Amino acid sequence: MAGRSKPLPPPTSVAELLGKKVRYRREERGWTQEALGAKVHVSHNRIAQIERGTDPPPGQLAELLDVVLDYHGEIIELWKLIANEAFKDYAKTFLKRQGVARSIHEFSLTVPGLLQTAAYAHSIMEYGDYTEDLDDAVRRRMERQYVLDSEDPPWLWVILEESVLFRSTGSRTVMREQLEHLLEYSERPNIHLQVLRKDRPCIPGSISLLTMHDGSRGAYTEGFNTGQFFEDPKDVEQYQRIYDRLHADALGTGASAGLIQAALRKHT
């Protein structure tokens with residue numbers, strides 16, 4: 001029998017309660033986190049995150065845990081409660097995953113957060129009637145960009161819809177600074193920037209595809225004041241196909257840089 005861990009404090013959230021149940025039944029069976037992870041096809045680190053309540057499982061994994069741990073629907077019911085909570089803060093899981101992803105592929109109708117300047121981010125949030133303190137929200141967004149300057153930065157591939165470049169967001173000064181920032185970052189070997197011409201088919205929102213270091217994947221979609229994060233392989237595959245179509249129609253990186261230069265002259 002595997003040794004038991006120290007008792008956990010009483011759960012303070014549904015995610016912690018779910019994690020406590022997973023850990024209790026795992027230890028009851030004498031399984032290590034590695035052993036349980038092998039049974040549900042995830043790493044032991046993922047099991048540890050679930051048991052701590054810091055990163056609850058997606059629906060498919062919750063179903064597997066429910067069956068393997070013989071909970072007869074209890075884990076699934078807790079997952080449904082978590083899903084309802086997450087709907088109110090739909091970006092939290094995505095941002096957490098984005099910060100540790102191995103590769104990120106994005107299509108966006110605005111400059112995505114990882115490549116925004118502070119002034120551009122402030123203009124976007126201000127226009128959207130952001131309810132939080134704007135300066136604090138901008139600061140947090142800028143802090144998330146540290147991943148691009150880390151020792152092992154992610155592979156970042158971004159497709160921008162053409163109108164993003166020519167639309168005036170904030171002011172000419174804001175746009176010039178933002179476009180220069182895009183050109184500078186597009187020269188990095190791990191960052192690839194392409195533009196989708198406005199006469200090509202498009203979608204009314206953004207897509208972000210994440211691949212983690214353990215090979216797991218996620219897809220995040222966002223529109224105005226709405227968003228959802230998917231980890232079910234079928235959902236991720238669906239958004240991968242949409243992204244692939246957009247990528248097939250996008251200009252190459254060289255032509256895209258030339259179009260950004262043309263937009264930069266417009267805002268001068």
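Contact here means heavy atoms within 4.5 Å. I kept that cut-off beside me while going through this predicted model.

**Entry 1: a helix pair**

I started with helix 7 (residues 118-127) and helix 8 (residues 134-144), which pack at an angle of about 130°. Their axes lie 10 Å apart. The crossing of helix 7 past helix 8 is right-handed.

Which residues meet? From helix 7 I listed A118, A121, H122, M125 and E126. On the helix 8 side, their partners are L134, D135, A137, V138, R141 and M142. Sorting this contact by class, I wrote down seven nonpolar, one polar and three charged residues.

**Entry 2: the largest nonpolar core**

Next I turned to the largest nonpolar core, which has 32 residues. Which of them touch the most other members? They are L115, L148, L156, L165, L179 and L182. I then checked which elements give two or more residues to this core, and found strand 2 (155-161), helix 9 (163-166), helix 10 (172-186), strand 3 (191-196) and helix 12 (253-266). Helix 10 gives the most, with six residues.

**Entry 3: L115 up close**

Leaving aside residues up to four places away in sequence, L115 touches Q145, L148, L156, V158, Q178, H181, L182 and Y185. Two of the names there, L148 and L156, I had already met in my list of core residues that touch the most other members.

**Entry 4: another core**

Last, I looked up another core, which lies apart from the largest one. This other core has 17 residues, including A15, W31, L36 and A62.

Technical notes. Residues numbered from 1 in each chain as written. Predicted model: local features only at pLDDT ≥ 70, side-chain atom pairs only at ≥ 80, totals over all residues. Heavy atoms only, no water. Axes fitted to C-alpha atoms, helices over the stretch in contact; angles between N-to-C directions. Helix = DSSP H or I, 4+ residues; strand = E, 2+ residues; numbered from the N terminus. Left-handed = near helix turned anticlockwise from the far one by under 90°. Nonpolar A, V, L, I, M, F, W, Y, C, P; charged D, E, K, R; others polar. Core = buried A, V, L, I, M, F, W, Y, C linked by side-chain atoms within 4.5 Å. Buried < 20%, exposed > 50% of the residue type's maximum accessible area, 1.4 Å probe, protein only.
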